[in-house]
Amino acid sequence: MLKNYLKITWRNLLRHKAFSLINIVGLAIGMASSALILLWIQNEISYDQFHVKKDRLYEVYNRSVFDGKLWCWGTTPKVMAKTLKQDYSQVEEVSRTSNGNFLFTVGDKHLNVNGNFTDPGFLTMFSFPLINGNAGTALNNINNIVITQKLSKKLFGNDNAMGKVIKIDSNAYFTVTGVLKDLPNNTQFNFEYLMPWAYLKKIGGDDGGWGNNSVQTWALLKPNVTEAAVNKSIVNITRSHSDIKDIDVFLHPASKWRLYSKFDQKGKVEGGRIETVKIFSLIAAFILLIACINFMNLSTARSEKRAREVGIRKVVGALRGSLIYQFLGESILIALIAGALALLIVQLSMSGFNLLTDKQLYIPYGNPYFWLIALGFIFITGAISGSYPALYLSSFKPVSVLKGTFKAANALITPRKLLVVIQFTFAVVLIICTIIIRQQMKYAQDRDTGYKKNNLVYVMMTGDDEKHYASIKNELLSSGAASAVTKTSAPITQAWSDSWDFLWEGKDISKKIDFNIFNTDGDLVKTMGLKIVAGRDIDVKAYSTDSTALILNETAVKIMGFKDPIGKIVKRGEGTDTKDWHIVGVVKDFILQSPYEPVKAMIIQGPKSWFNVIHFKLNSANTTADNLKRAENVFKKYNPEYPFEYNFIDQEYAKKFGDEQRTGTLASLFAGLTIIISCLGLFGLAAYMAQNRIKEIGVRKVLGASVTGITTLLSKDFLKLVIISLVIASPIAWYFMDKWLNGYTYRITISIWVFVIAALLTMMISIITVSFQAIKAALANPVKSLRSE
């Protein structure tokens, strides 16, 4: 019996090649699209879930109210880890991580490398496997270092790195005591080496203050200790060890690090990337559903062709159940063929999809669970696709079929019409969402940054750059490489520091207000192209007191309540550490952080500060390549061992739109695929409709009907369904996109033109799809269609 079913299925596929191809290709595209999305989702939900002790791993967070709003953040004082380990018995182990960038020298190789300072317990807390070395002792000594496979290859080639010595900067030597397997692509950690915290302390990077929240602290709880119990114990840890009385401390579990990063005003987790994961889960489900709907529609559209087969089978004794199994079996076989094609499509598109999503996804062919899941996925797809056709075809009454009185239903509302409406509703929703996402991104990209990005470059200060800064600045200008130079605490595209310990005349001391901090040695306005609203730029050469000068942005002036801020004194610090600063200028707000959010209050401090970055404006009279070559010569002259590594500000600013660009591109891609799958089904239905009405068309042509009239007649029923889809999809898309836009302070208003464009686009595609078959039928010779009459 099974052999008979397979023969019939195979013969049906070959007899109706065009519709078999449409079914298989439609299912394959839907399955491939869903599989790619599911691989992306699997990667997202697996972030840092490979750690053996993940159920006991936590990140330490702070919580406090600023200007009436509750903030939660994941940086802590450096002393937090030590205090947790010593004073709280529920904590088994702690470690801190702090970023570091050093010049690594081995022989004639010089590399600037990013890594982390951390405590010895890090490698026993987290499951980053060591290829060589002992996780428990690798970071015990101050001059030990653990490196990744990738860095080992860069420094030592194929040689064993264990025991080798690396020169760090110009005066320290470290021995390799461990080689880590390269970090997986599903972890938030990003380092090429681990250095002992003891070395950070040696070079002055450690402190015991509770007001400096600058490192990440990780805690491993003892077995059977609950998060709630520890949170209750540590909530007041900052209050009990310092004069800071308004900060709560709590733990954030490893299971939520990646997907849950947003907190409500009660301090409870309320979302984050999980929202994007949910959206793409729905997209994957609906794309697969649309592909299944295609199969259902085409199968039921061919019902008249298989009605006689069903009637004969029933007459000779076939039960409805056996017919259902037969048709389901046909569907699953087609799904199996489509699944093999889908796997090929996924493999061929993987590199492009990885580039698009900025991930390193792959198909785990060697994992037996993958094949079980894949077969289950194919089986379920086949079962869903074949369920309605199987029930529909098996319900035919043999008397009606064999007497020739059976006709497919042509009611006002039929399951087939309903399925077409569902298909196009989802397609239209995706099209509208894609347009709105791109409009929102364009709106933010067109926002005035407040500074001039073009020809603006920055380099990180390394080695002797600080020592020779004055000479570097003078020679950059005199060589013609730059028209302006300034030294700052951070790139102008990033916020590296903030503080709430400022005092000024008239401040309400009951309120805690946080300010972004940016430092400059002068010439900031000239170099960045900022706009002075009041006062002037910081200029130590002309004003000797400007070493303690401040510049405020417009938002800071409003928050501080100054009508005329120039000359006003602002104090920072407490007790003997208090320092007086005086305001010399106000600049127009410029975007330091997210272009989708309001500009935060900012205080720009003068030369009596710390510095990490050199910005310079390239000379517009020369080519970019010529300017960079001249700049490289200057930096190499004073810092010969370090590579000249530069960054363009316009490129760095563009990275702020990375997530939205990826979301928009993915939405566009899957909206396009949804339309393709829907149109494949529409094309097949139109072809069957034209075939079934071929005699009617012939009669109409003999009686004088025009090609246009026949084309309109055959197309209008399908276009009605598309219009219904547009009416249903528009409010659904508006609801979800308005909710999405509410997550942005700086956002667009959804215009009616979005829906008009989506409607015109969908109608145009549908008309082209249906009209092809309609015109083909209208142009056919009526003699051929009526010959049998």
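This note walks through the sheets, cores and aromatic contacts of a predicted model.

1. **A four-stranded sheet.** Start with the open sheet built from four strands. Their order is β15-β24-β14-β25, and the pairing is antiparallel. The edges are β15 (482-488) and β25 (647-648). Each of these edge strands pairs on one side only.

2. Strand β14 covers residues 456-460, and β24 covers residues 613-618. Five bridges join β14 to β24.

3. **The largest core.** Which residues have the most contacts inside the largest nonpolar core? They are Ile37, Ile283, Ile432, Ile436 and Phe670, in a core of 82 residues. Several helices each supply at least two residues of this core, among them α2 (17-45), α9 (274-301), α14 (415-445) and α20 (658-692). In soluble globular proteins, nonpolar side chains tend to be buried together.

4. **Ile37 in detail.** Set aside the neighbours of Ile37 within four places in sequence. Ile37 is then in contact with Phe280, Ile283, Ala284, Ile287 and Phe670.

5. **A second core.** A separate nonpolar core has 29 residues. Its members include Ala444, Tyr458, Phe590 and Tyr744.

6. **Strand β9, covered on both faces.** In a regular strand the side chains alternate between the two faces of the sheet. Strand β9 (residues 193-196) has Tyr193 and Met195 on one side. Leu194 and Pro196 are on the other. Buried or exposed? All four of these residues are buried, and both faces of β9 are covered.

7. **Partners of β9.** Strand β4 (residues 109-118) runs parallel to β9, and three bridges join them. Thr118 has Pro196 as its bridge partner in β9. Strand β6 (residues 144-148) pairs with β9 in the antiparallel sense, over two bridges. There, Ile147 stands opposite Tyr193.

8. **Aromatic pairs.** The count comes to 41 aromatic pairs. Take Phe126 and Phe189, an edge-to-face pair with 5.0 Å centre to centre and 70 degrees between the planes. Phe126 lies in the loop between α4 (122-125) and β5 (130-133), and Phe189 in the loop between β8 (172-180) and β9, so the pair ties together parts that are 63 residues apart in sequence. Phe126 is buried at 2% relative accessible area. Phe189 is buried too, at 7%.

9. **A second ring pair.** Why is the pair of Phe370 and Trp371 edge-to-face? The ring centres are 5.0 Å apart and the planes stand at 70 degrees, so the pair is edge-to-face. Phe370 counts as buried, at 18% relative accessibility. Trp371 is partly exposed, at 37%.

10. **A ring cluster.** Ring pairs link Phe126 and Phe189 into a cluster with other residues, including Phe50, Phe122, Trp218 and Trp257.

11. **Charges over rings.** Arg258 lies over the face of Tyr47, at 3.8 Å from the ring centre. Lys512 lies over the face of Trp500, at 4.9 Å from the ring centre.

How values were computed: Residues numbered from 1 in each chain as written. Predicted model: local features only at pLDDT ≥ 70, side-chain atom pairs only at ≥ 80, totals over all residues. Heavy atoms only, no water. Pairing = 2+ DSSP bridges. Core = buried A, V, L, I, M, F, W, Y, C linked by side-chain atoms within 4.5 Å. Buried < 20%, exposed > 50% of the residue type's maximum accessible area, 1.4 Å probe, protein only. Contact = heavy atoms within 4.5 Å. Phe/Tyr/Trp six-rings, centres within 6.5 Å; stacked < 30°, edge-to-face > 60°. Lys NZ or Arg CZ within 6 Å of the ring centre and 35° of its normal.
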